[in-house]
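Subject: Structure handover

Hello,

Here is the structure I said I would pass on. My notes on what was found follow below it.

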Amino acid sequence: MLTNLLGSDLETLVRFCEELGEKRFRATQLFRWIHQRGVRDFSQMSDLARSLRDKLAGVAQVQALPVVSTERSSDGTVKWLFDVGDGNLIESVFIPETDRGTLCVSSQAGCAVACRFCSTGHQGFSRNLSTAEIVAQLWYAEHTLRRELGRQERVITNVVMMGMGEPLQNYAQLLPALRIMLDDHAYGLSRRRVTVSTSGVVPMMARLAADLPVALAVSLHAPEDVLRDHLVPLNRKYRIADLLSACAAYQSVAPRDFITFEYCMLDGVNDQPEHAQALVRLMRQHSVALTAKFNLIPFNPFPASGLRRSPPERIQAFAAVLMEAGLVTTIRKTRGDDIDAACGQLAGDVKDRTDVQQRITVARGAMKRDLQDGRSLRV
Ligand code: SAH
Ligand code: SF4
C-alpha cells in the first residue's frame, strides 16, 4: 500500500526519506512541495532528483479527499463536503473576514459525545479521521482558494478544530496534524492561530498542554452539572469542577493566552439571568476568570433538536451580566446561514441521497483519473 504523505509530519517524513536512503533536507523539500505549493505529483517536484521522484512514486502518494460538493454562502463562507469512504461524509468551512481567513476543520466522522444541541452529535459516531484526512481538508481548502483568488500568499490564517467530531477523542491522529499546521515548512500557523475546541475531555487537555499548547476553546454551555449532564453527556464523566481545574492547569503552561468558553444560547434552557449569575460565581471560584473569554453562540437550529435559539435581547442581557462582572464576552456572528455551514449544523447531511451517491461516484472517478494520469488535483 502506498503511504499517504499528507499524514506525515516533518519528523515522520525525515524517517521515511532516511529509509529510502535519502538525506534529511530532501524531506523538507518534499514537505514544502506538498504543503506550501500544493503539488501532489512527484514528477513535478523539479528540485528533487529523478531517482528520488521515481522511488517515491513506487511507495508513496499525496492522496486528497474526493470533494462531493462545494457550497458558497452570500457572505463569502464556503462549505466543502468530502467523502471519506464507507458512506461517511465530513465537512470543512472557510470563513473569510477582513483581517483573516479561518478554516473550520473536522476531526471525526460523526461524534460520540452526543450533545443535545449538535447536529453532528445526533448523527452518532462513525470513526476517527486519520491525520492525512484532517490535513487534507486544510491542504485542499488552502490551495483551492489560492487558485480561485489568484493569490500566491497564504489565504487561511487561522484553523479552528470546530467542525465535526471531538478532537480530543482522536488525539493520536490530531497531534501530528497540528504539528503540520504549525510547521514553518508547511502552513506556518502560529500556536495562537490554531484552536482546539473540546467538550471537556479532561485527561487529554493535560496531554495537549504538554505536547503542543495551541489555543483552547472549551464548550461549557451550562454553569452547573445537572444542566450540563443533560446538554453535554460527557459531563457525567468529567464534572465542571474538574474541567475548570484542567483549564487552570492549561493556562499555567501558556499564562498569557486566553481560554475561550463557548456557550450555546438555547431558548429557555440555559439563557436566563440566573444562569449568567451562576456562571459569574463559577468563574470566580476558579482561577481561570482573568484570562477567560466568553463566546456566546446563538443556537443554530436543525429539525431533530426540538430546541430554539434564544431571542437576541436575551443573549444581549446574558452578555451584559457577564461583562458587568468583568468577563470578556462576545456574541458570535452567525456565518454561512444560507448553506447550513454554521456551528453545530455539520452532519455530512445532504437532502437528496441519490444525488449525493452520484456525486460521490463522479468525485471518486475524477480522483482516480487524476492519479492514473499523474496529474495534479483538479480544482
Ligand atoms: N466537539 C468540539 C468541537 C466541535 S463543535 C466541541 O464540542 O467543542 C464546535 C462548537 O460548536 C462547540 O462549541 C459546540 O458546542 C458548538 N455547537 C454545536 N452545535 C451547535 C449548534 N447547533 N448551534 C450553535 N453552536 C453549536
Ligand atoms: Fe461532538 Fe462537539 Fe457536537 Fe458535542 S458539540 S456532539 S462534542 S461535535
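Ligand 2 has Cys-111, Val-113, Ala-114, Cys-115, Cys-118, Gly-121, Gly-165, Glu-166 and Ser-199 around it. Sorted by class, this shell consists of five nonpolar residues, three polar ones and one charged one. Please keep in mind that the model is predicted.

Ligand 1 is surrounded by 20 residues, and the closest are Phe-117, Ser-197, Ser-219, His-221 and Asn-300. Its shell holds nine nonpolar, nine polar and two charged residues. Gly-165 and Glu-166, listed above for ligand 2, also come up here. A backbone N or O atom of Gly-165 is 2.9 Å from a nitrogen atom of ligand 1, and a side-chain N or O atom of Glu-166 is 3.3 Å from a nitrogen atom of ligand 1. His-221 places a polar side-chain atom 2.7 Å from an oxygen atom of the ligand. Taken alone, ligand 1 exposes 530 Å², of which the protein buries 96%. Strands S10 (194-198), S12 (259-265) and S13 (292-298) each give two or more residues to the shell around ligand 1.

Those strands belong to an open sheet of 10 strands with mixed pairing, in the order S3-S4-S5-S6-S9-S10-S11-S12-S13-S14. On average, neighbouring strands are turned by 20° against each other, direction ignored. S10 pairs with S11 (215-219) in the parallel sense over four bridges, and Val-196 stands opposite Leu-216 in S11.

Helix H6 (171-182) lies across S9 and S10, at about 155° to S10.

Regards

Technical notes
Residues numbered from 1 in each chain as written. Chains lettered and ligands numbered in written order. Predicted model: local features only at pLDDT ≥ 70, side-chain atom pairs only at ≥ 80, totals over all residues. Heavy atoms only, no water. Near = heavy atom within 4 Å. Polar contact = N/O pair within 3.5 Å; in protein donor to acceptor, adjacent residues only side chain to side chain. Areas by Shrake-Rupley, 256 points an atom, 1.4 Å probe, with all protein chains shown as cover. Nonpolar A, V, L, I, M, F, W, Y, C, P; charged D, E, K, R; others polar. Pairing = 2+ DSSP bridges. Axes fitted to C-alpha atoms, helices over the stretch in contact; angles between N-to-C directions. Contact = heavy atoms within 4.5 Å.
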